[in-house]
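Take a walk through this model, one packing arrangement at a time. Keep the sequence and the structure side by side.

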Amino acid sequence: MRAKVRAVGAQASGRTRRRTGLVAAGGVLVLAVTAACGSGGGGGTSGSGGFHPVKQTGGTLTVWVDSTRLPAAKLYQRQHPEVKMDIVTYDGDANGSNYLRTKVSLFNRTRKGWPDVVFSSQNNEATWAVQDGFAAPLNKGRIPASTLSGWAKGANAPCTVDGTLYCLRNDLSQAVLWYNEPLMKQWGYQVPRTWEEYQALGEKVATEHPGYLIGSAGDPWTPEVYMWASKCGANQVTGPKAVTVDTSGPNCTRMASLLDTLIKNKSMSLSSVFSSDFDKNKAGKVLMLAGPSWYGGSVFQGTFKTPAHQIAAAPLPQWSGDTAPSTGNVGGGTWLLSAHSANLKAATAFMTWVTTSNDYQGKTAPGYPAFQAAATAWLAQQASSGYYAGDITGTLQTAADQVWDGWGYGQFSQEAVWAATVTPKLTAGRTVTSLLPAWKDAIVNYARADGYKVAR
Amino acid sequence: MTAPSTGASRAAARRTRTPWPGSAGHTFVAAYTVLLVAFGVVPTGYAIYFAFTDNADSFAGLSNFSTAFDDFRFGPAVGHVVLYLAWWLVSLVVFVVGLALLVHRMAMKGLSRLLRFLYYVPGALAGAAGVLVWLFVLDPTVSPVGFLLRALGYHAFGQVIAPGHLPVLFTLIAFWTGAGGWIVVMYGALNNIPADILEAARIDGAGALQTAWRIQIPMLRKWIVYMVILAFAGGTQLFVEPQLLSQASNGVAGRDYSLNQLAYDFAFQNNDVNTAAAVSVELLVVGLVVAGVFVARSGFFDAD
């Protein structure tokens, strides 16, 4: 049986005019009227414990994926032709588009239409999906504990609410230090092992090879690479609706001052690695770039088209004297199972396959698999591809276990807060250090708007 | 129905038809009314219902309005929209009237048709597509007028979309996508000014500027008021420009910029449809009040 593939995300843009907001709101209202449902709001199950599946009638398995994960769903359909699948592509909630949440809140009002399984490129979906009654619990009998123990340490932390697992992590995005090995050798530079060495090298590059970059501070995930790795307490999620925000501690200020020094001497870019400016003017001048595991394939190989045998990966620098190595993390998608699914068995089988199988995760997945056995296969695949200048296996594997657990996964997007609050002011010439209080206030505001209790 | 043949019945038919002097008009209006009720009145009514209830459907008084008012994004969003409206309305009135007068004066020189076409072309692009064009125009790296941006000292997209520039940028985009239609409307209105009045002015010694200032603009007044009312309502609902800019810049500029975006965020990010409805009701009230003031003070419905 062939899978039906259609795009729903495409409808989101299109014939929109200034009235879109009101029309969208009006659309919600009309839908709600025609559905004539009783009380609006949450659909179905409550968050904790009492999960009551709907009548299991089977039928078509509806799967929502982004375009990057489309091959995974198609591969499953080819291997399991007996499963009737409806594969729908959407934007994967990329850049915090909120498409999934918007749709689920509409489905909750109309009380139908939920997909059975959804992939999201965001790792914080559980924070609202549990509250909205959309995510079904996955441990406690649905997926065997022996399978669940195969995930990397802490990989499913963003999926866990009050001890119950509500999603499966697709990939890890541990930060490492990518660098151009031939260039480093040619200029006689050592790969820095401490942030102090990193800063010193940046000052050297600025004078000896002006124009070359050792990092970028222009991406929305800048805090997740640098501040997270530096153990800055800006995002200590202490409970399902509680967060402690502190940006004035030494772990934050030391990294802010490092960034300020390197931004000032221009060895650190203020453009996003995905901006046209970076692609055109800076992609050929990257000496080092601190970033997540997917930078190798997605940024260097895919976007910059850096030739083979140049890019290598080293562990992210540490602060000298710090005995517990730490790194940051940028994203890493998740798979959610709908609590409204009438096809839980088939949906669970698909979710287990798509997150653990070597056929997909080990061989064709673009990012570092969160399931350890698949990660081993994936790393072997990367090593045999011959793209990298050295073996990146050890670096990525070690970093996978070093993601600092003091930075949580809240409902509000730290990337969005940084992008709107800090980035424009850096562009205007302010320093990270001077913006730490404003950054904190913005986090506090957005956390409160999502109903978080904030401690400072 | 075929026309009756006798004079008496013809008279009878005329009598029965008098209460409906324009039945075709009513048919058209009826179709419009159905759409207006389905997509205008009912959603508005439902939004008002939402605005005064909580998520358990019980009466909530003004609490949704105070939630919106107390939100940290509300004040800045009001400020953004007011600033944008100031830029947008002033530039719309000045340039649309000015360009329409220019086109009208050129009517005799044959350039007018070409200009009218040029003004209208951007408006023919759908709104969102027009905004997307601007996202490229404003990026110095890929812009066809990148040299202009660089001459002004802007070398990266991030510098162009600095927070202080946004009202002007949104005005530019909105003018480019929306003003062309108004220029054509104003041109049509200028053509309705009787030629003998203009001739009388010329005989009395009025030049182009004096004719425009003393004859044409006063006679365009109602059209200008009409444009301002609609542009004000549209401007307060600013949404597409900041929303697309926000997506294009990965959230660096344009997030939570306007009130409509705030309503959208309340509904879909904070899962609070009631507060979202309260914001939309506020926009409705402001739009109605301003329209009322303009209509009353301009004598919009007075017969000439």
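Strand β9 (residues 175–180) of chain A pairs with β14(A) in the antiparallel sense, over five bridges. Strands here are DSSP runs of E of at least two residues, helices are runs of H or I of at least four, and both are numbered from the N terminus. Two strands pair if DSSP finds at least two bridges between them. Within this pairing, V176(A) stands opposite G291(A) in β14(A).

This is a predicted model, in which local features need pLDDT of at least 70 and side-chain atom pairs count only at pLDDT 80 or more, while totals for chains, interfaces and linings use all residues. Residues are numbered from 1 along each chain as its sequence is written, and chains are lettered from A and ligands numbered from 1 in the order in which they are written.

Now widen the view to the sheet. Three strands of chain A form an open, antiparallel sheet in the order β14-β9-β15. Its edge strands are β14 (288–292) and β15 (311–314) of chain A, each pairing on one side only. From one strand to the next, the twist averages 35°. Angles run from 0 to 180 degrees between N-to-C directions, and axes are lines fitted to C-alpha atoms, for helices over the stretch in contact.

Two helices belong in this picture. Helix α11 (residues 295–304) of chain A lies across β9, β14 and β15 of chain A, running at about 135° to β14(A). Helix α15 (residues 393–400) of chain A packs on the sheet, where it touches β9 and β15 of chain A; its direction makes about 155° with that of β9(A). Residues are in contact if their C-beta atoms, placed from the backbone, lie within 7 Å.

Next, the domains of chain A. Domain 1 covers 4–11 + 27–32 + 41–172 + 331–382, and domain 2 covers 175–329 + 412–455. These bounds come from an automatic or database domain assignment. The C-alpha centres of the two domains of chain A lie 30 Å apart. Nine residues of domain 1 of chain A are in contact with ten residues of domain 2 of chain A.

Turn to chain B. Helix α3 (residues 63–70) and helix α14 (residues 273–298) of chain B pack at about 85°, with their axes 8 Å apart. That makes α3(B) roughly perpendicular to α14(B), a term for angles of 65 to 115 degrees. Among the residues that meet are N64(B) and F65(B) in α3(B), and N274(B) and T275(B) in α14(B).

Technical notes. Angles under 35 degrees count as roughly parallel, over 145 as roughly antiparallel, 65 to 115 as roughly perpendicular and the rest as oblique.
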